[in-house]
Amino acid sequence: MFEDINNSGDGGIYAELLQNRAFQAVEAETEGALLPWVAVGGTTISVINSTAPVSSALPNSLRIAVPANSTDAGIAVDLKSTYQASFYAKSTSKISDLLISLRGLDGTILGSGIPTPDNTSTSAPGTLSADWTQYSVSITPILAPSNINNSMAITFSSPEGGEVFIALASLFPPTWKNRPNGLRIDLMETLASMNPSFFRWPGGNNIEGNTVDTRWKWHETIGPLVSRPGRMGTWGYANTDGLGMMEYLDLCEDLGVEQIMAVYGGYSLGLVPQTATTVFGGVNVLPEDLSFVWQAALDQIQFAIGDPKTNKWAALRAEYGHPAPYNVSIIEIGNEDNYSPATYAAYRWNYIVGNLTAVFPDLSSDGRPGSTAGLVPVPSSIDQHFYTSPEVFYADESRYDLVDRSLINFQIFVGEYASLLQAGTEYRYLQPELSGAIGEAAFMVGLERNSDLIFAASYAPLRTTTNVPPPDMFSVNRGDIILPVLPVRSEPLYYVASKDSKTGDLYIKAVNTAADPITFNVAFDPTVHVIGTTGLATLLSSTNTSVANTLADPDALVPVMSSFIPSSAFNYTIPGNAVLVLAITA
């Protein structure tokens, strides 16, 4: 599951390097609106909305008051890397020597370039027009920075003084798959290496918003960046929506994964974010007002999979460069609607899904209702979320073993799960520790064993830079046939076995939640399974269950790989506090 939380979108996989690039979701004429912009060269700066804006979507701009005979005037913005720079600007006076430079912390110029105006302007390179114009330049650094504390500066000369206005400044490094307005290469390569099968977007609480008005509005996240207003996200910081709907669709297409696309379901959180006493007040769209929710959902789906010849939103998708429909087959209605189950069952689900099914009968519908009672049509799948302690995850390893398959007519999507320090609280790990990873891994064993019922599961948030790797270990070692094991379980050892029907490779996943080692027996019927001569063990273990990967020490806990010689019957010892995957090549 992905949503923009903990700056996982803006400041995360979205490759934009400038923070507060367009002064979105900030209050003009306040100091906070400037962060992290600073003035250089004797100028003063402020964020205003009193000049004619660059677009109706972006009413705020940066005003630079320039004294006469100024040189080296402009702004600087903190960043970590460099490459393609652009900004919109206009000026009340003559400006020359316009330059964008990339600077080290001590002011050393690492690289620079003279920005040129777009083809709608008659102004010469290095000068500014009286009208809003976009300027851009490609910068190749000539000096290597000594650390990551670098900045971008826009500088110019102004013999007359006056005012300069800046809007939508941007700096992009090379991006994954070389897409314009694209994604970070390092994080996306890491994501791709996890061998994901699906991607749920755009959330999560962030689609619901704290109010109906601050919900994720898909149509405000497409098209030119200058037309995207952005919003205050659910998690306490501004979302530029540069990572918008089409970027999500392209991301999934480039990964080759199935998409679970969420649409707003008529419920917003009334949420106070990032507190230990989070309050879900809840705001429901009334039945008589629900038509705009349904229409927005319909239009969003049309943009993704509609026919450009018959639908205006699909035609717009084609205009943006993707005439073929994207591969979207599962639609999630809302997010955590179990916080308002009465309205979900009474009118929201039935109205939205009933109408969508009439237009798109082949789409699967997913929801998180708390109960399926009263839901018509019955969901194709229900989304269940688990945030609890490692100890509760141990106990929950068997929860789906007990489900009577004859009594349900839907599948289950475990859309979010993660360990907490204490069950029933919001006390989260400051960093993902081994103790939490062991609890999650034990729970994952039960999910995989019940994959006839559970079609997908997702750690949430999708990934942090410091995450310990059981989801990765399980994802890249995956069979499609679950094998019976005896005994079914033997606490504190949790395990599951599977087979790849195409290759014949065998996988054993085991989790030891105790501190002491455990030796277990592995036996395969050689008349049924081909046992090769090559085995690979991947082990995550430590005597210290509080160990965590951090930015300062990202490799404090990493899986260790070793080879072993398999046979149709052998013993294997798993250390204490461990997650183990045995892969046997056929």
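This is a predicted model: local features need pLDDT of at least 70, side-chain atom pairs count only at pLDDT 80 or more; totals for chains, interfaces and linings use all residues.
1. Trp-218 is in the loop between H2 and E13 and Phe-303 is in helix H4 (residues 291-305), so here the parts tied together are 85 residues apart in sequence. Trp-218 is buried, as is Phe-303.

2. Trp-201 and Trp-216 also belong to a cluster linked by ring pairs, in which they are joined by Phe-2, Phe-199 and Tyr-248. Two arginines deserve a look alongside the ring pairs: Arg-215 lies over the face of Tyr-264, at 5.5 Å from the ring centre, and Arg-399 has its charged end over the ring of Tyr-400, 5.5 Å from the centre of that ring.

3. Pro-202 itself is placed in the loop between E12 and H2. Another cis peptide bond runs from Leu-486 to Pro-487, where omega is near -10°, and Pro-487 lies in the loop between E23 and strand E24 (493-499).

4. The search of the whole structure finds 1 cavity of 30 Å³ or more, and the space in the largest cavity is about 80 Å³. Its lining includes Trp-216 and Tyr-248, together with Pro-202, Asp-4, Asp-10 and Asp-241. By class, 4 of the lining residues are nonpolar, 2 are polar and 3 are charged.

5. Asp-241, one of the residues that line the largest cavity, has a positive phi, near 60°, although it is a residue other than glycine. Asp-241 is found in the loop between strand E14 (238-239) and helix H3 (245-255), and it counts as buried because its relative accessibility is 6%, under the cut-off of 20%. Leu-168, which is not a glycine either, has a positive phi of about 45°; this residue is in strand E11 (residues 162-172), and with a relative accessibility of 7% Leu-168 likewise counts as buried.

6. The second largest pocket has a volume of about 940 Å³. It is lined by 33 residues, of which Ser-197, Phe-198, Ala-456, Ala-457 and Arg-478 are the closest to its centre. The elements that give two or more residues to this lining are E12, helix H8 (434-449), strand E22 (454-459), helix H9 (470-475) and strand E23 (481-483), and the largest share, 6 residues, comes from E22. In this lining 20 residues are nonpolar, 7 are polar and 6 are charged.

7. H8, one of the elements that contribute to the lining of the second largest pocket, has 16 residues and spans 23 Å from its first C-alpha to its last, which is close to the 22 Å expected at 1.5 Å a residue. This helix is mostly covered, with 16 of its 16 residues buried.

Note on methods
Residues are numbered from 1 along each chain as its sequence is written. Side-chain values use heavy atoms; hydrogens and water are left out. Helices (H or I, at least four residues) and strands (E, at least two) are DSSP runs, numbered from the N terminus. Buried means under 20% relative accessible area, exposed over 50%, partly exposed in between (1.4 Å probe, protein chains only). Rings of Phe, Tyr and Trp (its six-membered ring) pair if their centres lie within 6.5 Å; planes under 30 degrees apart count as stacked, over 60 as edge-to-face and the rest as tilted. A charge sits over a ring if NZ of Lys or CZ of Arg is within 6 Å of the ring centre and within 35 degrees of the ring normal. On a 1 Å grid over the protein atoms alone, a cavity is a set of points where a 1.4 Å probe fits but cannot get out, and a pocket is an open set with protein on both sides within 12 Å along at least five of seven lines; lining residues have an atom within 4 Å of a point. Grid points are joined across faces, edges and corners, and a volume is the space filled by probe spheres set on the points. Ala, Val, Leu, Ile, Met, Phe, Trp, Tyr, Cys and Pro count as nonpolar, Asp, Glu, Lys and Arg as charged, and the others, Gly among them, as polar. The expected span of a helix is 1.5 Å times one less than its number of residues.
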